[in-house]
Amino acid sequence: MRNEGPQGFFQGLTTTIAREVPGYFCFFGAYELCRTGFADYMKCDKDDIGVAPIVFSGGFGGACLWLVVYPMDCVKSRIQVMSMMGKQAGFFKTFMTIARSEGVRALYSGLTPTMVRTFPANGALFLGYEASRKLMMKQFDD
């Protein structure tokens, strides 16, 4: 606040938004696609596929999100760190600097632990979401 004013709190916001929009499209799209596939295979309604398919669908959705957004997340994090050191650069300049100086693989550095974490975390997230949604819908039906 002292150095940059209120704008300092919003460093990396544009990149975050550019990351979130396609990321959540993939997240929810992959979840619903997978859940629909299970329902078709099991010849039942999506709400009746059971715990394991919901957990798998959630994990799959999370994996799709991170595969798409990880390079953008890497650039966003670099922008935020650089802004704290007073070396602000935009998204494309930061992206190109990383790709040229460290190689494209640097944009995926740390992806493996993220993928390992995302499957159970998002599986549990969607299991909780579906359970609470069913509980709330049951309250409205009564």
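Me: I'd like to start with charge. How many positive and negative side chains does the protein have, and how far apart do the centres of the two sets lie?

Reply: The idea is to count each kind, then compare where the two sets sit. In this predicted model, there are 15 positive side chains and 12 negative ones. The centres of the two sets lie 13 Å apart.

Me: Next, the fold. How many helices and strands are there?

Reply: Go along the chain and list the elements in order. Here you get four helices and zero strands, so the pattern, with helices and strands as DSSP runs, reads α-α-α-α.

Me: What happens at Val69 in helix α2?

Reply: For a bend, compare the helix axis on either side of a residue. Helix α2 covers residues 51-84, and at Val69 it has a kink of about 55°. Then, just after α2, Gly86 takes a positive phi of about 80°.

Me: What does the radius of gyration say about the overall shape?

Reply: Set the value beside the one for a compact globule. With 142 residues, such a globule would come out near 14 Å, but this protein has 19 Å. Its C-alpha atoms fill a box of roughly 55 × 35 × 20 Å along the principal axes.

Me: And what share of the residues is buried?

Reply: Buried here means under 20% relative accessible area. By that cut-off, 32% of the 142 residues count as buried. As for the surface, the accessible area is about 9,300 Å², with 66% of that belonging to carbon and sulfur atoms.

How values were computed
Residues numbered from 1 in each chain as written. Predicted model: local features only at pLDDT ≥ 70, side-chain atom pairs only at ≥ 80, totals over all residues. Heavy atoms only, no water. Helix = DSSP H or I, 4+ residues; strand = E, 2+ residues; numbered from the N terminus. Rg over C-alpha atoms; globule rule 2.2 N^0.38 Å. Buried < 20%, exposed > 50% of the residue type's maximum accessible area, 1.4 Å probe, protein only. Areas by Shrake-Rupley, 256 points an atom, 1.4 Å probe, with all protein chains shown as cover. Lys, Arg positive; Asp, Glu negative; His and termini not counted. Charge placed at Lys NZ, Arg CZ, Asp CG, Glu CD. Bend = angle between axes of the 7 residues up to and from the residue.
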